[in-house]
Amino acid sequence: MDLNLREIRPYGDTLSDGAMQMSFTLPLPTGPLAKEAALRFVRRLGLAEADVVHMAELGEGFTFFIVYGKTRLFIDATDITVTAVESDVWDRATCDEKIRELFGRKLRIVGACIGEDAHTVGIDAIMNMKGYAGHYGLERFSMIDAFNLGAQVEPETLLARALEKQADAVLVSQVVTQRDAHLQNLTRFVELAEAAGVRDRLVLIAGGPRLDHKLALELGYDAGFGRGTFAEHVASFIITHLARSRGSSGSKG
Amino acid sequence: MSLLGIDQTQVQRLRATADEITRSLAPLLRAHTTVTVERAVLRLLGVDGVDHHQVPLPNVVVNHLREKAGDGAAAAVCAAMLHTGASIGEVAEQVARGELDLHRLAQVPEDEVRALGHELAAEGLARIRANVREREERISRLPVRGQPWKYVIVATGNIHEDVIQARAAVRRGADIIAVIRTTGQSLLDYVPYGPTTEGFGGTYATQANFRIMRAALDEVAEETGHYVRLVNYASGLCMPEIVVMGAFERLDMMLNDSMYGILFRDINPVRTFVDQFFSRMVDAAAGIIINTGEDNYLTTADAVEAAHTVLASDFINESFGLAAGLRSDLLGLGHAFEIDPDLEDSFLLELSQALLLREVFPDSPLKYMPPTKHMSGDVFKGYLMNAMFNLSGIWSHQGIQLLGMLTEAMHTPFLQDRFLALQNADYVMNAARHIQDQVTFRPDSLVVRRAHEVLDKTGRLLEEVRGAGLLEAISAGWFADISRPADGGKGLLGVLKKSGRYFNPCKSVLAVQLGLEKEIDTWI
């Protein structure tokens, strides 16, 4: 295959054919005019050979479209740098072993879903015994004491509980929010930790489907984890980060 | 005929155990009232509106009464009416303006106070009964489709935008529209007032918003020829008040669980148990179908391991519901399709559970929730999972099928997501309409064995809960892996000990309407 990394475009069934599918709704009543509008719209997106393969009436003057087309736009893949969490990922047994070796005591991790967000699915997947998709959660790690405070926890309460538990790391989850409320909540927690003079004592990790590592760093966290994260990713990062920041003498505890 | 070979005497035994569990809480319920029960009573008697700070008048009055609310808010308000000759609305407004102090009223004969309370309660109930008659009249003219009823949600945050989305869904075959509440409303200790256009992940439940959506659905029903049921959420710190508002605006269904708030919103257990009982008496009088929240158990606990906790909770919800006067056909008991799709035979386990629930609660319109926990950004796989859910729903004759959205894990539904969900359900349910009559299961099949296993485990759990006590079981984390002690949680300050003079005029009026005269004194 003659792959040119400087000119990457979508693949349908032939390299660089640029084939794409998309679906969307237009606020126009179903009919030839709506169909033509959909076609012209995807052409303006830069798609050639655009084809409205399906059109359906949604009621109230709205129409749904499924469209295929081919783009000539491309991306230079050699010109991309990404900010990703840099840490080895170890399995549960190895994490436990590393903690024993490096710190000589259990690590304490406190987590919560803060603000008004009531969705614990993310924090539960990482922390609860059962974990997610066959990956056990932090509660299952023998060298980790995990405290999942659940949902709708105020940032103040989370910080107070973290200090009370003498936490090594705090996990802050934000799943469903609107109008960037999740950013305000996350920022507020970091500000509280700084104001209390404890920011540097804690590994702060943000998690949620709308978060990535780069954004988390910008908000003042040590790491950010998005979709597809399991407990071992988080544990491995915490171990690596703590070992780096405290030196690996293992004498602290 | 039982497809699963379920022994109904075993089911009756479990039901009896659940009754013992709930009845052991009756003395606790009877000894307490809450600020929101008192506000709900005031609403039923006719208090509405807000003061100049936008504080709802029921809150103003109950806050003003402080611990005196333990006598029943109606007692003080009715005494003030007799004293001043003012209407109940005027009394509330005078309190709000600081012109009337309910702590400094001269004695009024108690029998006069009670007579007036009962008169106002009867007027409130008459408003609700008129809505029941109107619903019956509309349904006889605009018949609803057969079950499973297709239930979709709208959640734009703006009630006027919700109307557009709801009407579009109804035109595409939705039977039930639920307006999702804004995130966090369950923890507000008041109900916001008036139409609203701002919300987070949903739209405020206000009486004005109820009215706007009700009118829109009635209008579109005239075009489609089918009555459309409207749902909202009563769970949270204002459960009974929201039920009263829903009953006044002819809502047809209410999320009204007996334990959900405790487990998933960390609301004080005593508060929730007291609130749910009075709420459900109002639901029963209003012909409102309740929906219970067992699906949520499986978002925190594993759906295979915790299947029996769902069924056990359904028994408890049923027992509390029947005690409060709800008929079986008003009990939308909850369960969900939440097993890990990568598990071998996951569909057979789902089907087994759905058929089991159907056989255990044959007269109740079960509320079946779609996959959420294992939905991802892979909308194509998600759409397929929703099709399997719909197949299980038609196969097991569910009552209320909450249609899954392919974008479940990402955002509140787009207009097109709802259309695709309805299309999915229509196709699958039409294609497999009579599958239950056509297929039997071998006695040694996984479907049958699994159902018996879950039922047996449910029986053991209920017996353990009976032994330990429901509050202790909740405190020990037996439901949904979540522990909630009886003396913790939000809203504890709003739990009041009833005084010896306590008066709730709605109690006897509702009890007569519901035929509960004999048992009611053991409960509230």
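## Close-up views of chains A and B

**View 1. The interface between chain B and chain A.** The contact takes 30 residues from chain B and 24 residues from chain A, where contact means heavy atoms within 4.5 Å. This is a predicted model, in which local features need pLDDT of at least 70, side-chain atom pairs count only at pLDDT 80 or more, and totals for chains, interfaces and linings use all residues. Residues are numbered from 1 along each chain as its sequence is written, chains are lettered from A and ligands numbered from 1 in the order in which they are written, and side-chain values use heavy atoms, with hydrogens and water left out. Between them, chain B and chain A bury about 2400 Å², 50% of it on carbon and sulfur atoms; buried area is the accessible area (1.4 Å probe) that two parts lose on being put together, summed over both. Two salt bridges are counted between chain B and chain A, a salt bridge being a side-chain nitrogen of Lys or Arg within 4 Å of a carboxyl oxygen of Asp or Glu. B:Arg167 forms a salt bridge with A:Glu60, with 3.2 Å between the closest N and O atoms.

**View 2. Helices α10 and α12 of chain B.** The axes of helix α10 (residues 239-248) of chain B and α12(B) come within 8 Å and cross at roughly 10°. Axes are lines fitted to C-alpha atoms, for helices over the stretch in contact, and angles run from 0 to 180 degrees between N-to-C directions. Helices (H or I, at least four residues) and strands (E, at least two) are DSSP runs, numbered from the N terminus. α10(B) and α12(B) are therefore roughly parallel to each other; angles under 35 degrees count as roughly parallel, over 145 as roughly antiparallel, 65 to 115 as roughly perpendicular and the rest as oblique. Residues of α10(B) in this contact include B:Met239 and B:Val243, and those of α12(B) include B:Asp275 and B:Val282.

**View 3. Helices α12 and α14 of chain B.** Helix α12 (residues 269-286) and helix α14 (residues 307-323) of chain B have axes that come within 8 Å and cross at roughly 55°. That makes α12(B) oblique to α14(B). Their crossing is right-handed, meaning that the near helix is turned clockwise from the far one by less than a right angle. B:Phe273, B:Gln276, B:Phe277 and B:Arg280 of α12(B) make the contact with B:Asn317, B:Phe320, B:Gly321 and B:Ala323 of α14(B).

**View 4. Helices α14 and α19 of chain B.** α14(B) packs against helix α19 (residues 446-468) of chain B at an angle of about 60°, with the axes 8 Å apart. That makes α14(B) oblique to α19(B). The crossing of α14(B) and α19(B) is right-handed. Among the residues that meet are B:Leu311 and B:Phe315 in α14(B) and B:Val454 and B:Leu461 in α19(B).

**View 5. The surroundings of B:Val379.** B:Val379 is placed in helix α16 (residues 379-395) of chain B. Not counting residues up to four places away in sequence, B:Val379 touches B:Leu406, B:Thr407 and B:Met410.

**View 6. Backbone features in two loops.** Most residues other than glycine have a negative phi, and most peptide bonds are trans. B:Gln147 and B:Pro148 are joined by a cis peptide bond, with omega about 0°. B:Pro148 lies in the loop between α7 (110-141) and β2 (149-154) of chain B. In chain A, A:Gln152 has a positive phi of about 55° although it is not a glycine. A:Gln152 lies in the loop between β5 (144-148) and α4 (155-164) of chain A.
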